Every structure is written in C-alpha cells, then in structure tokens.
Amino acid sequence: MTRAWLAIGMAFLAGTVTTGTGAPQRQSPLTVGAVTAAPGSIASGVLDVPARAGDTGTTIPISVINGTLPGPVLALVAGTHGMEYVPIIALQRMRATIDPKTLSGAIVMVHVANLPSFLGRTIYYSPADGKNLNRVFPGKADGTLSERIADVITREVIARATHVVDLHCGDGNESLRPYSYWITSGDPKVAEAGKAMALAFSLDRIVVDSGRPTDPAASVYLSNTAITRGKPALTTETGGMAVVDDSSIKLVENGIAGLLRHLGMRKEGPPAVTAPVWIEPSEVLRAGVTGLFYPAVGRGQTVKKGAPIGRVTDFLGQTIERLVAPFDGEVLYVIGTPPITKGEPVAMVGARK
C-alpha cells in the first residue's frame with residue numbers, strides 16, 4: 001500500500017493521475033458512517049455510538065472533505081482527550097478554509113472524538129466510565145462507552161484512511177511545549193513514512209518512540225492502531241492548560257497544510273522542518289503519592305540529571321515526595337495545577353540526540 005500511494009503522490013506532484021489507458025482517473029464519493037461526500041464537496045454529520053446498559057451512548061461529529069482527484073485519505077482526529085481544545089478549534093477553522101475543489105484525495109475530520117469528556121470538561125478520563133480513550137484502542141463493540149468510541153473510530157475512520165494524525169495538546173492541567181511523536185515500532189516502511197509525516201508537520205521537537213505495542217488487537221493508542229494496520233500515523237502536541245491561543249492553533253494549521261503538501265493532496269503548503277531536535281530517550285515522571293504538586297521547572301526548560309522537577313505535599317502542606325530529572329534533557333511538559341493522584345504524570349523529560 002505504501003508504494004502504491006507513493007506512486008500516486010508522485011503523479012499528483014507531476015500534475016496528472018491516469019489509468020493504464022492514459023485516461024484521467026476520477027475521484028469517487030467517500031462514505032464514513034452515514035456521511036457521504038461527493039467529489040469536490042464537504043459533508044458533515046455524526047458517527048453514532050449507541051446506548052447500552054449503564055450509559056446513554058454518544059455521537060462523534062465528523063466532516064468529510066472529498067477532493068476532485070484520487071489520492072490519500074488523511075484522517076485528522078481531535079478531542080481524543082476532552083480538555084485538549086486547541087486541535088478542536090483548529091479543525092473547525094480548517095473545515096471552513098480547505099477548498100475540496102483544489103484537493104486531491106480526501107480528509108476525514110473527527111472534530112471531537114471524546115464528546116463525553118469534552119462536555120464534562122474532564123482531563124484524561126471519561127466521566128462515563130473513568131477510562132482514558134487513548135489507552136483502550138482498538139476498542140470493543142460491546143465494551144464500556146470509551147471502548148465503543150474507540151471501536152467506532154477504528155472501524156469507520158482508521159479503516160478508511162491511508163494516513164492518520166492524532167492531534168493532541170497539553171491537557172487542561174499540562175503546561176506543554178510543542179512536539180510530535182515519531183513511532184518507530186512495527187513495519188520499518190510504515191515507520192519511515194511516519195518520519196516523513198513528522199518532518200512535514202514541522203514541529204521542531206520530535207520524540208522518537210520505539211516502545212509502542214505491535215499487536216493490532218492490543219494497539220492501545222489511536223495512532224498506533226493505524227500503524228499496526230500498516231498505515232503511517234503521527235501524534236502531535238500543541239498548546240495546553242485549556243488555553244485556546246492563536247499561536248498554538250496556527251501551529252496545527254501550519255502542520256496540516258505541510259502534510260497536505262507532502263502527501264500530494266495540495267500543491268501549496270509550508271516546507272518540512274529541516275533541522276528538528278530529535279528527542280530520545282524520554283520519560284514521563286509519575287507521582288508516587290496523592291496530594292498537591294508544586295513544579296520547580298517550566299515547559300521547555302533545560303535540566304541536568306538530578307535537578308528538581310517538583311514536589312508533592314500532603315493536604316496540610318508537608319512535602320511527601322520530591323521528583324528529579326532522570327537524565328540531562330528538556331522539560332516537554334509539566335503539570336501546572338495543584339491536584340495530583342498517585343500514578344498520574346507530573347512531567348515529561350526528553351534528552352536531545
């Protein structure tokens with residue numbers, strides 16, 4: 001599949017896509033769930049997650065932007081975590097600015113993957129079942145609500161896509177500097193295509209992640225679900241602390257525009273980043289106790305091994321845990337609000353290669 005899409009992409013860059021007889025190929029309608037977009041049009045609707053015992057079900061709002069020529073199908077997923085607002089707003093903006101008549105291939109936008117968490121204003125976990133949507137892929141058709149959301153996204157969105165981007169930002173409690181994840185586990189050809197996507201998205205920090213599962217039936221993460229099915233994918237991080245700021249939104253818009261150019265879906269677009277900072281290894285530091293977290297560092301700060309990252313106090317103000325940098329590196333994110341529960345992340349540190 002990768003070679004076939006590479007050939008099509010090269011044909012786009014040359015300005016033509018033809019059949020074996022030399023006749024131009026025509027784009028077909030694209031259907032995702034009950035939403036069908038004709039060539040050169042945009043259609044929107046919802047993917048339905050029916051109710052079952054214990055919950056009321058939910059919906060997943062989507063848009064299908066179908067171009068006029070054949071090409072890749074790029075899935076853009078926002079709102080996997082409900083308080084990660086920047087990508088959600090970015091997709092709303094881009095839906096209004098992408099012209100399907102100048103597009104080759106198609107874009108499937110998942111505007112808010114986790115509507116229960118979004119409407120409930122919750123970090124990490126769904127108020128419906130207490131699960132983290134980005135830890136239950138590929139989901140279960142008869143599972144809890146988060147597992148059923150993951151199942152619908154896997155079957156209806158990832159299955160129809162050729163390339164997938166899971167658009168994240170710092171959650172409502174995370175102060176974060178922008179970066180993306182390049183997942184290297186699995187098929188090397190898929191990994192190389194994912195690397196090219198990371199460069200095209202043009203965030204200047206790229207975390208090299210070699211520890212993702214390789215079993216398609218236990219893929220755990222949304223982007224990894226695509227990768228274990230032979231489809232290049234990317235996870236991006238921009239913004240944080242539930243702040244909707246224009247500069248973070250523009251990073252998402254610029255990154256998507258770069259991907260569309262890279263995949264041959266549009267002729268125009270920003271160039272790929274040429275001198276990224278590769279991050280490997282990286283480590284998420286987690287609290288060993290429950291209490292109040294006091295950060296000692298800020299996002300993007302350079303730290304030495306053993307430097308203070310923060311401390312946790314009990315509810316009377318007594319320090320009960322101190323966290324330090326595991327190696328020399330850079331703070332990619334740090335928790336910016338006091339509540340902390342045992343086992344939850346407090347910061348992520350990455351070393352520059």
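Predicted model: local features only at pLDDT ≥ 70, side-chain atom pairs only at ≥ 80, totals over all residues.
Figure 1. Apart from neighbours within four places in sequence, T80 is in contact with A113, N114, L133, N134, D166, H168 and L222. T80 belongs to the loop that runs between β5 (69-78) and α2 (85-97). Its relative accessibility is 0%, and T80 therefore counts as buried, the cut-off being under 20%. With D166, one of these contacting residues, T80 forms a polar contact from side chain to side chain at 2.9 Å.

**Figure 2. The largest pocket and its lining.** The space in this pocket amounts to about 670 Å³. Its lining comprises 34 residues, and those nearest the centre are R135, Y181, R212, V284 and Y333. Two or more lining residues come from each of β7 (163-168), β9 (179-183), β10 (205-209), α6 (222-227), β11 (233-237), β12 (277-286) and β19 (345-352). Among these elements, β12 contributes the most, with 4 residues. Sorted by class, the lining holds 13 nonpolar, 10 polar and 11 charged residues.

**Figure 3. Helix α4, residues 145-157.** The 13 residues of α4 should span 18 Å at 1.5 Å a residue, and the end C-alpha atoms lie 17 Å apart, so the two values agree. The helix is mostly covered, as 12 of its 13 residues are buried. The buried residues are L145, S146, E147, R148, I149, A150, D151, V152, I153, T154, E156 and V157.

Technical notes: Residues numbered from 1 in each chain as written. Heavy atoms only, no water. Expected span 1.5 Å × (residues − 1). Buried < 20%, exposed > 50% of the residue type's maximum accessible area, 1.4 Å probe, protein only. 1 Å grid on protein atoms, 1.4 Å probe; cavity = no way out; pocket = protein on both sides within 12 Å on 5 of 7 lines; lining within 4 Å. Points joined across faces, edges and corners; volume = space filled by probe spheres on them. Nonpolar A, V, L, I, M, F, W, Y, C, P; charged D, E, K, R; others polar. Polar contact = N/O pair within 3.5 Å; in protein donor to acceptor, adjacent residues only side chain to side chain. Contact = heavy atoms within 4.5 Å.
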